[in-house]
Structure formats: structure tokens, C-alpha cells
Amino acid sequence: MNKKTFLVTAIIGFLFVGGVGFGYYPLKMNANSFKAIAIPVNGLPTELCEGWEAAFQEVLSDEAILQDIADETEYAEKLGVPPEEAVSHLKKAIEVEFVKRKNWIQIGLWGKKRQNEELEKIVELLHETAVENIVKIEPSFQQYLDAIKKQQAAAKSRQKKMRASPII
């Protein structure tokens with residue numbers, strides 16, 4: 001192989017590898033992505049968790065709540081959706097599911113991988129809004145949240161005691 005043939009082959013090879021690289025990146029960025037927040041429900045009856053799941057679905061299908069979330073997070077601008085379709089798009093993208101195997105209720109949002117930062121922020125607001133509204137529908141969920149807060153406070157006080165006691 002002479003220098004000229006080698007040089008032409010090398011250039012064609014680099015162009016091919018570069019083209020594949022530039023094609024692969026957009027392909028990966030347009031892949032579907034799911035961002036969720038899980039609410040642990042360890043040790044609770046399945047019927048109660050399924051009731052909470054239904055209540056979460058009911059709250060997160062209310063168009064007034066979804067409109068507030070879409071406005072606050074600038075959903076249409078950030079995800080490239082026409083403003084008049086923001087609520088319907090958000091409604092389709094939300095997923096609420098009780099996962100028995102992992103003992104949690106997950107509140108999530110479907111989007112594209114390139115939108116992951118925006119999806120995480122929107123999911124946090126979805127979670128906060130859903131929890132605020134769910135306690136009005138299901139008082140047992142408020143009791144659960146109070147019990148979780150007590151457990152967290154007790155764990156923090158145990159940690160403080162462990163740090164304060166001298167090790168002999």
C-alpha cells in the first residue's frame with residue numbers, strides 16, 4: 001500500500017467514525033427517560049397503598065393542579081411543547097405506580113434524556129403538590145407522614161447521643 005492510498009483510506013475511516021459519533025450522540029439524547037420520586041411504604045397493607053396510589057392518580061389528573069404546575073415550571077417552554085397543549089402533555093407524561101416488590105409508591109414523569117434536569121425539577125414539584133393535596137383526600141396519609149417524621153427525629157437524636165458520648 002502506498003502513502004496516497006493509505007492517506008485516502010485513513011481520511012475515509014476518520015470521516016466514517018466521526019459521522020457515527022455525531023449520529024450516536026443525538027440518538028442517545030432523544031432516548032426516553034423516566035424520572036421519579038419514590039415514597040417508601042414498608043410494612044403497610046397493600047390495600048392502603050393501592051388506595052393512596054388511586055388518590056395520587058386522582059390528584060395528578062386534575063387539570064387545574066396540572067395547569068398550576070405547568071405555569072410554575074414553564075413546562076411548555078422547557079420541554080418544547082406548544083403552550084395550549086402543556087397540560088394534556090403533562091397529563092400523559094405523569095405515571096403513578098405502587099411497586100409491591102420494592103414497597104414504594106413512585107411518582108414519575110416521562111420525557112427525553114436531554115430534558116433530565118427539567119424533568120427532575122418538575123417531578124419534585126409534582127411530588128410536593130401531590131402530597132399537599134393527598135392529605136386532604138386521604139387523612140391516613142397524613143398520619144403516615146407524621147409517623148415518618150417522628151422516626152426521622154428519633155434517628156437524629158440517637159445520632160446526636162452517639163456523637164456526644166465519649167468512646168472509651
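Isoleucine 11 sits in helix α1, which covers residues 3–29; here helices (H or I, at least four residues) and strands (E, at least two) are DSSP runs, numbered from the N terminus. The structure is a predicted model, in which local features need pLDDT of at least 70 and side-chain atom pairs count only at pLDDT 80 or more, while totals for chains, interfaces and linings use all residues. Residues are numbered from 1 along each chain as its sequence is written, and side-chain values use heavy atoms, with hydrogens and water left out.

Confidence comes first. The protein has a mean pLDDT (the predictor's confidence in each residue, from 0 to 100) of 84, and 89% of its residues reach 70 or more.

Together with Leu7 and Leu15, Ile11 makes a nonpolar surface patch of about 310 Å². Such patches are made of residues with over 30% relative accessible area and no salt bridge, like charges being joined within 9 Å and nonpolar side chains (Val, Leu, Ile, Met, Phe, Trp, Tyr) within 5 Å. The accessible areas come from the Shrake-Rupley method with a 1.4 Å probe, and for residues only the protein chains shown count as cover.

Helix α2 takes up residues 46–59, 14 residues in total, and its first and last C-alpha atoms are 20 Å apart, close to the 20 Å expected at 1.5 Å a residue. The expected span is 1.5 Å times one less than the number of residues. Cys49, Trp52, Glu53, Ala55, Phe56 and Val59 are the buried residues of α2. These residues lie on the same side of α2 because they cover an arc of only 165 degrees around the axis, the arc being that of the directions from the helix axis to the C-beta atoms. In general, an α-helix has 3.6 residues a turn, so residues three or four places apart point the same way.

The structure holds 3 salt bridges, each defined as a side-chain nitrogen of Lys or Arg within 4 Å of a carboxyl oxygen of Asp or Glu. One of them joins glutamate 120 to lysine 35, at 3.7 Å from N to O. This pair links distant parts of the chain, 85 residues apart: glutamate 120 belongs to helix α6 (residues 116–137) and lysine 35 to strand β1 (residues 32–40). Glutamate 50 pairs with lysine 100, with 3.6 Å between the closest N and O atoms. Since glutamate 50 lies in helix α2 and lysine 100 in the loop between β2 and β3, this bridge ties together parts 50 residues apart in sequence. Lysine 100 is exposed, at 52% relative accessible area, whereas glutamate 50 is partly exposed, at 36%. Glutamate 63 and lysine 91 also form a salt bridge, their closest N and O atoms being 3.5 Å apart. Here helix α3, holding glutamate 63, is linked to helix α5 (residues 86–93), holding lysine 91, across 28 residues.

Two loop residues deserve a look at their backbone. Glutamate 74, in the loop between α3 (63–73) and α4 (75–79), has a positive phi of about 55 degrees although it is not a glycine. Asparagine 103, likewise not a glycine, has a positive phi of about 55 degrees and is found in the loop between β2 (94–99) and β3 (104–112).

Note on methods. Buried < 20%, exposed > 50% of the residue type's maximum accessible area, 1.4 Å probe, protein only.
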